[in-house]
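I opened the model with the sequence beside it and kept notes on what I looked up.

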Amino acid sequence: MSTVVVAPLLVALVTAIATLLTRTNDGVNRAVSLLGGVGYLAAAALLFHRVVLPLGSPGRTVVYQVADWQAPFGIVLVADPLSAFMVALSAVVSLCALTYSVLYVDSFGQRLSYHPLYHFMVVGVTGSFLTGDIFNLFVWFEVMLMSSYILVLFYSGPEHTRAALNYVVLNLIGSAVMLLAIGGLYATTGTLNMADLARRLADPATYDVAVAPVLGLAAVLFSVFALKAGLVPFQFWVPAAYRAAPAPVTAMLAGVVKKVGVYAIVRLYFTVFAAATLPVSLPFVAGDSMLAFFGPVLFVMATASIVLGGVGAVGRPDVDELLAYSSISQVGFIVLPFAVAATADSTAVRTLGVTAGLVYAFNHGLAKSLLFLASGTVQEAVGTAQFDQLGGLARRAPVLAAAFFLGALTLIGVPPLSGFFGKLLVFQTAADALAGGAAGASAAIFVALLGAVLTIAYYTRAWNDAFWGTPGSAVEAAIPSRWAGPVEVEAEEGAVAAGSGRTDGGDAPDDGPPTSFALTVEVVVVAAMAVAVVAFGLGFEAVYVSATAAAEAALDTGGYVEAVLGSAAALSGVVA
């Protein structure tokens, strides 16, 4: 048993409690929060080192039995290359967004438990990635969501309240459905431990498990994960919630929280439910695995997300809405190779498909967080994100513009940025499946091409309207000269107050407009993320090897069962 598994979870939990205890002292609270963010990154790096490094070596799975109660009866935390990969993404994005938050959120908001809520959200995300049983996946989901409910409502205006209400109601319904599905799985299989569930599904006769009802319950559970990921037709909460939340919270929602739903799909359907043998005969799809049933479902959802999100993004009136609809489209790109992998007969194609989805999720997590933070900085400095009032920001704020440009190019897929390789792997997965005669692979290539064209269209529109051309009236008033240093920003109080995140409703003493120092630090954070995007592109081999190890771990059902249940006998009937 290795305590390194629980380290990121403990660091995030201790930080959340410490920031709760120090919230009355603004300076101490921010310092403790930042220190905890750095500690979380260090713990995630230690876990990654223990499980994945050195790159190219066989991945390892380490298990922590809570209170030394052995699986499948006790609570278990499991870290393999897949969960370590996702925790690493969470650590990088959360530290960047947290650093941005320290100066972006006003003092009243800082005292209003912003940092405890933020870190409890990180606790929920981390627990979701590390849990080894489905019921505790539900528990960690709720920890994450309860914090995010308040953070979406943080500005407390009418628009924010309406968006938060929709977000809360939909997710509460989703949580209720998830709990019902989990109860059904327990009644049908007699276990909720993921490894034990995979073992029983692989040998249903021995454990008296009826596989057909499990398929139905898995389909119900899948709808919940699709809701969390924002896939069509469960995407309608995304635009309003992303617009309502503070920029760093939106960066976390798009960059990390959405990935929890994606992770759950990979972990449960490729690792656990794929162990079941069930003849599938659908149009264009045939197989003997439960996973084959979900391939067409994933494909339809991915296609609808790519098209509807992309078309919706093209016509949006402001930067935040465009990015929100873009996020719907991009999650479709993440899921599309999973759809191809789910129906592939070849192990190589299946591994490549899961690798492509994970690489794309990693790139999207970094780039989309960067873009939302850049949009928040525009809102802070100019007072608006409406396209008809912007323009010319490339002249007035060249560093911010360059960072936004790099983030957009990453999601478009321009080499040598990391997003190019993610998109290339999506096309390669579909092409390899087509070469192997897989049904629907040509349709996947067409959908990916259409999505790529739409991505170019809406990011070109964002660049032309917000950053290129003649400075708009709001830009002229807020940034009358080139923003080359902190002393040259001359934001007008009225304009900035309209765009900044007032959390007090006007009742608390006004902190005034954000200082030039605060805006400059925000730009530095955004620029640092842009540098990271470039660096991961230039050093893509490390990302690819890590994602491949994560994909192999996700598909190695036998190895997962053996690591958690601890004996070769536990593998009876399990096919890796």
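**Charge and ground rules**

I began with charge: the chain carries 22 positive and 33 negative side chains, and the centres of the two sets lie 1 Å apart. For this tally Lys and Arg count as positive and Asp and Glu as negative, while His and the chain ends are not counted; the place of a charge is taken as NZ of Lys, CZ of Arg, CG of Asp or CD of Glu.

I noted that this is a predicted model, in which local features need pLDDT of at least 70 and side-chain atom pairs count only at pLDDT 80 or more, whereas totals for chains, interfaces and linings use all residues. Residues are numbered from 1 along each chain as its sequence is written, and side-chain values use heavy atoms, with hydrogens and water left out.

**Overall shape**

I then looked up the secondary structure and found 23 helices and four strands in the chain; these are DSSP runs numbered from the N terminus, with helices (H or I) of at least four residues and strands (E) of at least two.

For 576 residues, a compact globule would have a radius of gyration near 25 Å, and the chain, at 23 Å, agrees with that. The radius is taken over C-alpha atoms, and the globule rule is 2.2 Å times the number of residues to the power 0.38. Along the principal axes, the C-alpha atoms fill a box of roughly 75 × 50 × 45 Å.

I found that 61% of the 576 residues count as buried, where buried means under 20% relative accessible area, exposed over 50% and partly exposed in between (1.4 Å probe, protein chains only). The chain exposes about 19,600 Å², of which carbon and sulfur atoms supply 68%; the areas come from the Shrake-Rupley method with a 1.4 Å probe, and for residues only the protein chains shown count as cover.

Among contacts between residues at least 6 apart in sequence, 78% join residues at least 24 apart, a contact being heavy atoms within 4.5 Å.

**Salt bridges**

How many salt bridges does the structure hold? I recorded eight, each being a side-chain nitrogen of Lys or Arg within 4 Å of a carboxyl oxygen of Asp or Glu.

One of them joins Asp-26 and Arg-30, with the closest N and O atoms 2.8 Å apart. Both residues belong to helix H2 (residues 26–51) and sit four residues apart, about one turn of the helix, and both are buried.

Another is formed by Asp-80 and Arg-267, at 2.7 Å from N to O. Asp-80 lies in the loop between strand E2 (76–79) and helix H3 (81–104) and Arg-267 in helix H11 (residues 247–272), so this pair ties together parts that are 187 residues apart in sequence. Asp-80 and Arg-267 are also buried.

I next checked Arg-316 and Glu-321, whose side chains meet in a salt bridge of 3.4 Å, N to O. Arg-316 is partly exposed at 22% relative accessible area, whereas Glu-321 counts as buried at 13%. A network of salt bridges links Arg-243, Arg-316, Asp-318 and Glu-321.

**Backbone details**

A cis peptide bond joins Leu-53 and Pro-54, with omega about -5°, and Pro-54 is in the loop between H2 and strand E1 (62–65). A cis bond also joins Pro-415 and Pro-416, with omega about 5°; Pro-416 sits in the loop between helix H16 (398–412) and helix H17 (418–435).

Ser-113, which is not a glycine, has a positive phi of about 60° and lies in helix H4 (residues 107–130). Asp-208 has a positive phi near 55°; its place is the loop between helix H8 (204–207) and helix H9 (211–229), and at 69% relative accessibility Asp-208 counts as exposed.
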